[in-house]
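Work through the following exercises with the sequence and the model side by side. Each task is followed by a solution that goes step by step.

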Number of protein chains: 2
Amino acid sequence: MAERAGQADGRADRILDAAAELLVRLGYRKVTIEDIAQLAGIGKGTVYLHWRTKQQLFEAVLLRESISYVEELLDGLRRDPAMLLPHRFVSESFLMVGDRPVLRALSEGYLQQGRYRYADAFLHSQELLASERFYGLMIRHGLFRDDVPNLSYTLSAMMLGFHLHDAANLIGVEVDTRARAESISFMVRHAFEPPEPPGPEELAKAAAEVIAVFEALIPPYRTWIYAHDRTHEPG
Amino acid sequence: MAERAGQADGRADRILDAAAELLVRLGYRKVTIEDIAQLAGIGKGTVYLHWRTKQQLFEAVLLRESISYVEELLDGLRRDPAMLLPHRFVSESFLMVGDRPVLRALSEGYLQQGRYRYADAFLHSQELLASERFYGLMIRHGLFRDDVPNLSYTLSAMMLGFHLHDAANLIGVEVDTRARAESISFMVRHAFEPPEPPGPEELAKAAAEVIAVFEALIPPYRTWIYAHDRTHEPG
DNA sequence: TTGTTGACCAGATTTCATAATTGGTCATGA
DNA sequence: TCATGACCAATTATGAAATCTGGTCAACAA
């Protein structure tokens, strides 16, 4: 009952797949709902049975991608709790964004014109990680320093710079992705982590908590993706 | 002989003044050479006696502003050599850019459309500070750590993030300028400075060297501003 | 009854031809 | 010798017509 498996549910994801593919290929502006419907093998009206507007559809695309990316991080964390150390965690995130065409398209599209508020969308995509609970927990376990002013602002402003420097190769100097991740890793270790990292058992405990927090956080987001699905709603 | 004082020299600066004012008011695109000439109280053709193209004229505007800003930094340094400590130095620079409408217009314009390559221009404006000699000197005197990977890239990517986060108030969360400078200061102190800062006399020595380096570096740039001045060139 | 569809519509976007502007030149005059 | 603004080619603004697209819904299918 929790999951109504069936054609309709798979269909929402097929629509999102089609939208994601076209978003990467053409950019938000040039993708039409009809293109999406055609690629998904359904009628145009059907798309609107799932989301009310084009923007909501693409927010769903973005959110699904973000969740998948957070889950990839959590998997890494389960394999190796030491990945919770911010310098590993953050640089790993940076590399993962580069590997995900949808997120990449967003951070690159940010620099180009377009009606869609890429910037908001992109930062929204990282909102998951920015929850206060997460930061509080990390500080409590000695993973983040407790004296960083405006922790979440500071971290996100810094990351914005690296993502944009990445997207527009602004300067003649080529810096490869690996080296960028190394720079991020260095900065985070020295500016955001306390001098003494927590021991292995503290780390394991913290990792378990973080995993629990996100596992609790993800389902509502996932629900939102299909929230406007009127397929099974009462008339 | 080195300085041919006279009407012509003052005129170049009056043109730059006019161009700067209009740049701030209207943006690069909407400023016409004729506007500039009129505001400067001269004929249109006269502008072209000083610079060959509109772009070169605006590069001169930008460069003049950058020099003035570096000189302001050097003044601060002369008053207090401890300002050479990167966390003070960098956050001070950040605040100064915010106070200079021309530089501000550039970093904000970066986010908007426009033919002029704001990004390049803006980074170009910071090129002065990015000279290898400067970094080498700072490291040698123990002001920058010697183990930061890609020092100049890392620092500029980080600053780009803060400037852009500043320009587009992307997130709902308002963070005031003072708090931003505080964040920058914190990051730089912890990520770019060695654990032990140099003592006062080392600092004074380093400051003197930095001042000397820039004082040597500035004149060629200043010359470039007026380099295309055909006023006094032999026919 | 329930779910799906594509014709349909208003509003947004593109097109395309014409008008107006502007960067840059240079013959003229101070 | 230096300054100027009329002048030109080329870019850009304008606006009306044609096209496209997000979103709706009556009709149809299961």
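**Exercise 1.** Is Arg88(B) buried or exposed, or does it count as something in between?

Solution. The model is predicted, so that local features need a pLDDT of at least 70 and side-chain atom pairs count only at pLDDT 80 or more, while totals for chains, interfaces and linings use all residues. Residues are numbered from 1 along each chain as its sequence is written, and chains are lettered from A and ligands numbered from 1 in the order in which they are written. Begin with the rule: a residue is buried if 20 or more other C-beta atoms, placed from the backbone, lie within 10 Å of its own, exposed if 12 or fewer do, and partly exposed in between. Arg88(B) has 17 C-beta neighbours inside 10 Å and therefore counts as partly exposed. Finally, list its contacts, meaning residues whose C-beta atoms, placed from the backbone, lie within 7 Å: leaving aside neighbours within four places in sequence, Arg88(B) is in contact with Ala82(B) and Met83(B).

**Exercise 2.** Find how many helices and strands chain A has, and where its confidence is lowest.

Solution. Counting the elements of chain A gives 11 helices and 0 strands. Within chain A, helix α7 (residues 118-126) has the lowest mean, 51, and helix α2 (residues 33-40) the highest, 97. Over residues 113-119 of chain A the pLDDT is below 50, and this stretch has 14 contacts in the model beyond near neighbours in sequence. Where pLDDT is low, the predicted coordinates should not be read in detail.

**Exercise 3.** Check whether the length of helix α10 of chain A agrees with its number of residues, and then examine Met187(A).

Solution. The expected span of a helix is 1.5 Å times one less than its number of residues. Because helix α10 (residues 177-192) of chain A has 16 residues, it should span 22 Å, and its end C-alpha atoms are 21 Å apart, which agrees. Met187(A) is found in this helix and is buried, because 28 other C-beta atoms lie within 10 Å. Other buried residues of α10(A) include Ile184(A), Phe186(A) and Val188(A). Not counting residues up to four places away in sequence, Met187(A) touches Met158(A) as well as Thr154(B), Met158(B), Met187(B) and Ala191(B).

**Exercise 4.** Which residues touch the most other members of the largest nonpolar core?

Solution. A nonpolar core is a set of buried Ala, Val, Leu, Ile, Met, Phe, Trp, Tyr and Cys residues joined through C-beta atoms within 7 Å. Of the 114 residues in the largest one, Ala19(A), Val61(A), Ala19(B) and Val61(B) touch the most other members. Among the residues that Ala19(B) touches, not counting those up to four places away in sequence, are Val31(B), Leu57(B) and Val61(B).

Terms used. Helices (H or I, at least four residues) and strands (E, at least two) are DSSP runs, numbered from the N terminus. pLDDT is the predictor's confidence in each residue, from 0 to 100. Two residues are in contact if their C-beta atoms, placed from the backbone, lie within 7 Å.
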